[in-house]
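Hi,

Here is the structure I promised to pass on. Have a look at it first, and my notes follow below.

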Amino acid sequence: MTGEGQKPEDKRTSLLLVVDLYGAVMVAYLLVRCLGGGGLWVVELMSTIVHWLLLPAFLLIPIGLARRRWGTLALLLMCSTAFIVLFGGLFIPIFPDRDICDDQQFSTLRVMTYNISHGLAFPDRIVEVMETSGAEVIAIQELPDGMVPTIQEELGDLYPYQVFFGGGFSGIGLISRYPILEEEPFLLEGPRPYLMADLKVGSDIVTVIAAHPPVMIGPGGGSAPGAADMQTLAEMAVGEGRTIIMGDFNFTDQNQDYRVLARAGLIDAHRAAGWGFGSTYPRRGWTGGFRLPLVRIDHVFLAGEIYPQRVWVGRDGGSDHLPVLAILAW
């Protein structure tokens, strides 16, 4: 060190040490995860944002090449390869099967799931997003009691079949253009209710489950009440025929609970027919300030020979979540 500050060579050395540390930490995380340590809360927390944690590796590879640090380069290449394996498929263009969409032998359904954030957004904006979405069935989470009369009054003509249960953070609802033949709110191990309904879509019966499980990521999350809910939901979905489970799940496609549903055979509509990260949260903070969504925790899962044709993130309605829409066919 001199009076003028750190020398250029010292700065380069410090930068390289930071790059080495980044690569070592990320590779250690990947190894622990691959060896079955995905249930550790630190690993789960990193998995939630692992797409953003791995991206810098692509930018740092030229540094390893320029400085001929082959160990550093090996770490960065492992990180970039992991990104491609985990997320590369999301950036391959998806083209809807026009034969299915246009074939009259197939039925189609447009659905939407939307966490309206327990009063954070203005009701008129929420209603406008739902009204202009084109969705035929909408699952709603964090539904305040005061919002129910607004939905009934403003959207009753467009969605004549409506069912609501609970209020506030546990409030959940389903509105539909198709008849709701039977509905059942139910609790599993967790504190928040789920809502299951059988819809008459043309000549077919489609079961829709609206879900909003609590956050299970963090210290004690794996043993918290509700930790086994996804296994039960998966078993229910597989045994119900054509089933759609949609809502704010509070986990990403890299977390343990997601893998429970995937192993049971449920299709993640976004993974099958979406593009990009599809981030839905956090759109804004409680102060109302704009934020760039970082993670995809709002999902549409399918079972029973329902095929996603297109999935996308919908318009901002003032909530801290963005809605997810999907066109489905069977």
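To start with the cysteines: how many disulfides does the structure hold? The count is 0, where a disulfide is a pair of cysteine sulfur atoms within 2.5 Å. Cys34 is in none, and the nearest cysteine sulfur to its own, that of Cys79, is 12 Å away. Cys34 counts as exposed, at 68% relative accessibility, whereas Cys79 counts as buried, at 0%. (Buried means under 20% relative accessible area, exposed over 50%, and partly exposed in between, with a 1.4 Å probe and protein chains only.)

Before you go further, a word on the source: this is a predicted model, where local features need pLDDT of at least 70 and side-chain atom pairs count only at pLDDT 80 or more, while totals for chains, interfaces and linings use all residues. Residues are numbered from 1 along each chain as its sequence is written, and side-chain values use heavy atoms, with hydrogens and water left out.

Now the overall picture. The protein has 11 helices and 12 strands; these are DSSP runs numbered from the N terminus, with helices being H or I of at least four residues and strands E of at least two. Its C-alpha atoms fill a box of roughly 75 × 45 × 40 Å along the principal axes. Of the 330 residues, 51% count as buried.

Finally, the surface. Ile49, Trp52, Leu292 and Leu294 form a nonpolar patch there, with about 350 Å² of accessible area together. Patches take residues with over 30% relative accessible area and no salt bridge, joining like charges within 9 Å and nonpolar side chains (Val, Leu, Ile, Met, Phe, Trp, Tyr) within 5 Å. A salt bridge is a side-chain nitrogen of Lys or Arg within 4 Å of a carboxyl oxygen of Asp or Glu, and accessible areas come from the Shrake-Rupley method with a 1.4 Å probe, where for residues only the protein chains shown count as cover. Ile49 is in the loop between α2 (41-48) and α3 (50-54), and is partly exposed at 35%.

Cheers
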